[in-house]
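Visitor: I would like to learn how to read a structure feature by feature, with the general idea and then the case at hand. Could you take me through this one?

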Amino acid sequence: MFELHDRVAIVTGSGSKKGIGRTIALSLAKQGAAVVVADLNLEGIEDTVNVIKEAGGRALGVELNVTSKESNEAMVEKVLQTYGRIDILVNNAGISQKVTVEDMTLEDMTRVFSVNMFGLFLCTQAVLETMRKQKFGRIISLSSVSAKRGGGVFGGAHYSASKAAVLGFSKNLAREVAQDGITVNCVAPGLINTDIWKALPEDQAKAVIGGIPMGRPGETEEIASTIAFLASPEASYITGEEIDINGGSHMD
Ligand SMILES: NC(=O)c1ccc[n+]([C@@H]2O[C@H](COP(=O)([O-])OP(=O)(O)OC[C@H]3O[C@@H](n4cnc5c(N)ncnc54)[C@H](O)[C@@H]3O)[C@@H](O)[C@H]2O)c1
């Protein structure tokens, strides 16, 4: 457990029922943070907010399309009106698509980058002024093992490229904002036990497991615990870093 009681955290893409974002949101709330559940999916937002409140946590649901500058700015305004500050941003919203480079269209490439990289940029930009004024901020973004290893099971080259872009962007930003008490880090999950994993045919699942030294997919809680650490006072001197969470499937 980490001490996050006075903290306000935004988790994008936290409306997915079996997704990583919901577990991150719940975990931060259990550690005391007021959590903003921000997603395109209204039903999912309501569900995550209820899950957090039932667990005794504080949560605010806000509709968000990360690809829209206006939507990000409106979300930040609502959070400031409600809580008066923003301490933690977890850039979790992301999309993928299984397609080869030969079959990929420019629209496919643009769609994936619009959410995974441009959306992350817009959302990050929207919180920076507040974090700079506070002289405190924690920005934590979801990259992926596929950024470093090339192709995962589910994504195409556009997905890998967008998640690699997240790493470069975060390191650059970490230098820009370090003097204002803002840290910027990434986590790079391997295959995680979400709906997408459960949909994999048995033979393919076995083949994938064979490539993971620990012999199993990761659990969403194993991503959330690392994010809670990066958000905590204990991680105060870590910035521009990326943590692999992949059961050994890729080792730097
Ligand atoms: N699941 C894995 O194995 C895995 C592995 C490595 C990295 N990741 C990354 O972790 C993050 C979460 O993955 P997940 O598997 O939980 O995904 P998910 O599909 O379950 O959840 C993604 C959420 O993002 C939301 N979203 C999509 N577009 C949006 C937009 N424009 N604005 C706001 N919200 C939007 C969706 O509504 C959804 O709730 C993603 O960035 C993904 O790339 C996942």
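Visitor: Which residues of β6 lie on one side, which on the other, and are they buried or exposed?

Guide: A residue is buried if 20 or more other C-beta atoms lie within 10 Å of its own, exposed if 12 or fewer, and partly exposed in between, with C-beta atoms placed from the backbone. In β6, Ile182, Val184, Cys186 and Ala188 are on one side and Thr183, Asn185, Val187 and Pro189 on the other, and all of them are buried. Because eight of the eight residues of strand β6 (residues 182-189) are buried, the strand is largely enclosed by the rest of the structure. Please keep in mind that this is a predicted model, in which local features need pLDDT of at least 70 and side-chain atom pairs count only at pLDDT 80 or more, while totals for chains, interfaces and linings use all residues. Residues are numbered from 1 along each chain as its sequence is written.

Visitor: How are helices and strands assigned, and how many of each does the chain have?

Guide: Helices (H or I, at least four residues) and strands (E, at least two) are DSSP runs, numbered from the N terminus. The chain has nine helices and seven strands.

Visitor: Which strands pair with β6, and in what sense?

Guide: Two strands pair if DSSP finds at least two bridges between them. Six bridges join β5 to β6 in parallel, and four bridges join β6 to strand β7 (residues 242-245), again in parallel. Within these pairings, Val184 of β6 is the bridge partner of Ile139, while Cys186 stands opposite Glu242 in β7. On from β5, strand β4 (residues 88-91) pairs with β5 in the parallel sense over four bridges, and Leu89 stands opposite Ile139 there.

Visitor: How many residues of β5 are buried?

Guide: Six of the six residues of strand β5 (residues 137-142) are buried; Gly137, Ile139 and Ser141 point one way, and Arg138, Ile140 and Leu142 point the other way.

Visitor: What is a nonpolar core, and which residues have the most contacts inside the largest one?

Guide: A nonpolar core is a set of buried Ala, Val, Leu, Ile, Met, Phe, Trp, Tyr and Cys residues joined through C-beta atoms within 7 Å. The largest has 61 residues, and those with the most contacts inside it are Ala9, Val11, Leu28, Val35 and Ile227. Helix α4 gives the most to this core, with eight residues. Two residues are in contact if their C-beta atoms, placed from the backbone, lie within 7 Å; leaving aside neighbours within four places in sequence, the contacts of Val11 include Ile24, Leu28, Val35 and Val90.

Visitor: Which residues come nearest to the ligand?

Guide: A residue is near a molecule if its C-beta atom, placed from the backbone, lies within 6 Å of it. Of the 29 residues around the ligand, Gly13, Ser16, Gly19, Gly94 and Ile192 come nearest. The elements that give two or more residues to this shell are α1 (20-30) and α4 (106-134).

Visitor: Where is Ile196, and why does it count as partly exposed?

Guide: Ile196 is in helix α7 (residues 195-198), and it counts as partly exposed because it has 16 C-beta neighbours inside 10 Å. Although Ile196 and Gly19 are 177 residues apart in sequence, their C-alpha atoms are 9.2 Å apart in space.
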